[in-house]
Amino acid sequence: MSAHHDDPYAVHSIAPDAGGDAVTGRVAWAPATSLWQGVMLAGTLAAPFFFSWSALAVFVVLTGATLLVGHSVGFHRRLIHGSFESPRWLDYLMMWLGTLVGMSGPLAMIAAHDLRDWGQRQAACHPYLSNRAGFWTDYAWNLHGRLALDTPPSQVLPPRVTGDRFYQFLERTWMLQQAPVALALFALGGWSWLLWGVAARVCVSVTGHWYVGRLAHRTGPQSWLVETSGVQAHDVPWAAIPTMGEAWHNNHHAWPGSARIGLYPGQADFGFAFIRLLERLGLAWNVRTPETLPERAELTGA
């Protein structure tokens with residue numbers, strides 16, 4: 001899968017002339033996703049009653065691996081932004097691990113990310129896209145609902161993704177991908193490993209993704225402003241390590257095509273460190289950073 005994009009600052013599935021109204025719409029209940037989130041939450045609430053130190057270790061290792069390799073490096077920096085290139089077998093491994101995070105398959109991930117990205121670049125957008133609703137409303141919307149804009153923009157996902165059978169398979173079966181992991185964990189450690197290694201991991205990852213994203217679009221330090229965007233981004237320093245560097249969100253809005261998100265001293269970015277490791281192993285190339293990207297006219301210091 002080629003990850004080259006001509007414009008590293010573009011929303012790649014939504015063209016500038018795609019039309020659409022980012023403001024008017026409603027959030028509808030998404031039954032399948034809502035049931036999925038409910039089951040994972042129930043399993044998480046049960047997990048403390050089956051606690052063991054080995055299960056906690058399984059939770060930490062699997063959560064870290066799926067968030068680092070799957071979500072941060074695979075889904076976000078590779079699939080969505082094309083900030084580096086890698087061999088197809090590694091792409092497939094990263095996308096499988098990204099799917100295991102438990103939010104969606106790769107196609108839905110691109111569609112949801114790019115719609116939010118597009119909306120935040122408009123002069124105004126629906127509070128679902130800007131995380132401007134009240135805390136519990138925003139939680140319910142993002143984990144149990146789906147935004148239906150009255151006039152959505154024309155969105156065309158990259159053919160290199162939509163035409164790939166493996167990505168199609170992950171999209172159709174994203175919930176079922178937990179099954180082999182669950183069976184393996186149950187065989188090795190019983191209910192303790194299953195609840196901590198699947199339910200708690202998915203619940204914490206998905207809820208944490210929403211919560212850090214909410215903070216990153218509302219409050220916190222800023223180094224940059226994108227003058228043409230209605231919604232600005234903020235850094236969430238305390239979340240830098242658990243998000244593998246994704247919490248330096250102000251930097252990301254400024255340089256969305258960059259594989260490096262933690263740009264300044266003290267800004268931990270495990271995702272970029274992993275990409276550099278891949279590069280040294282010959283498994284990543286054309287790695288883009290702010291130093292290699294063209295100037296961005298609409299970018300100013302905060």
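I take buried to mean under 20% relative accessible area. By that cut-off Asn-131 is buried, because its relative accessibility is 3%. The model I am reading is a predicted one.

**Entry 1: the chain as a whole**

I began with the overall dimensions. The radius of gyration of the chain is 19 Å, and a compact globule of 302 residues would be near 19 Å, so the two agree. I then fitted a box along the principal axes, and the C-alpha atoms fill roughly 55 × 45 × 40 Å. For secondary structure I noted eleven helices and four strands.

How much of the chain is buried? I found that 54% of the 302 residues count as buried. The accessible surface comes to about 13,500 Å². Carbon and sulfur atoms hold 66% of that surface.

For the charges, I compared mean positions. There are 19 positive and 20 negative charges, and their mean positions lie 7 Å apart.

**Entry 2: cysteines**

How many disulfides does the structure hold? I found zero. Cys-125 is buried, because its relative accessibility of 15% is under 20%. Cys-203, at 12%, is also counted as buried.

**Entry 3: positive phi**

I next looked at backbone angles. Most residues other than glycine have a negative phi. Asn-131 is not a glycine, yet its phi is positive, at about 60°. I placed Asn-131 in the loop between H5 and helix H6, the latter spanning 135–144.

Met-244 was my second case. Its phi is near 65°, again positive in a residue other than glycine. Where does Met-244 sit? I located Met-244 in the loop between strand S3 (224–226) and H10. Met-244 is buried, because its relative accessible area is 10%.

**Entry 4: Ala-123**

Is Ala-123 buried or exposed? I read a relative accessible area of 78%, so Ala-123 is exposed. Ala-123 belongs to the loop that runs between helix H4 (106–121) and helix H5 (127–130).

**Entry 5: Pro-256**

I turned to the loop between helix H10 (249–254) and helix H11 (270–280), where Pro-256 is found. Pro-256 has a relative accessible area of 3%, so it is buried. Which residues does Pro-256 touch, not counting those up to four places away in sequence? I listed Pro-8, Tyr-9, His-81, Arg-121 and Arg-296. I also looked up Phe-274, which is 18 residues from Pro-256 in sequence; the C-alpha to C-alpha distance is 18 Å.

**Entry 6: two residues of helix H9**

Helix H9 covers residues 178–216, and Leu-215 lies in it. Leu-215 counts as buried because its relative accessibility is 18%, which is under the 20% cut-off. Leaving aside neighbours within four places in sequence, I found Leu-215 in contact with His-234, Val-236 and Trp-238. Asp-235 is 20 residues from Leu-215 in sequence, and I noted 8.3 Å between their C-alpha atoms.

Ser-192 is found in helix H9 too. At 12% relative accessibility, Ser-192 counts as buried. What does Ser-192 touch, not counting residues up to four places away in sequence? I noted Phe-50, Phe-51, Ser-52 and Ala-55. One of these, Phe-50, is 142 residues from Ser-192 along the chain, and their C-alpha atoms are separated by 4.9 Å.

Technical notes. Residues numbered from 1 in each chain as written. Predicted model: local features only at pLDDT ≥ 70, side-chain atom pairs only at ≥ 80, totals over all residues. Heavy atoms only, no water. Disulfide = S-S within 2.5 Å. Buried < 20%, exposed > 50% of the residue type's maximum accessible area, 1.4 Å probe, protein only. Rg over C-alpha atoms; globule rule 2.2 N^0.38 Å. Areas by Shrake-Rupley, 256 points an atom, 1.4 Å probe, with all protein chains shown as cover. Lys, Arg positive; Asp, Glu negative; His and termini not counted. Charge placed at Lys NZ, Arg CZ, Asp CG, Glu CD. Contact = heavy atoms within 4.5 Å.
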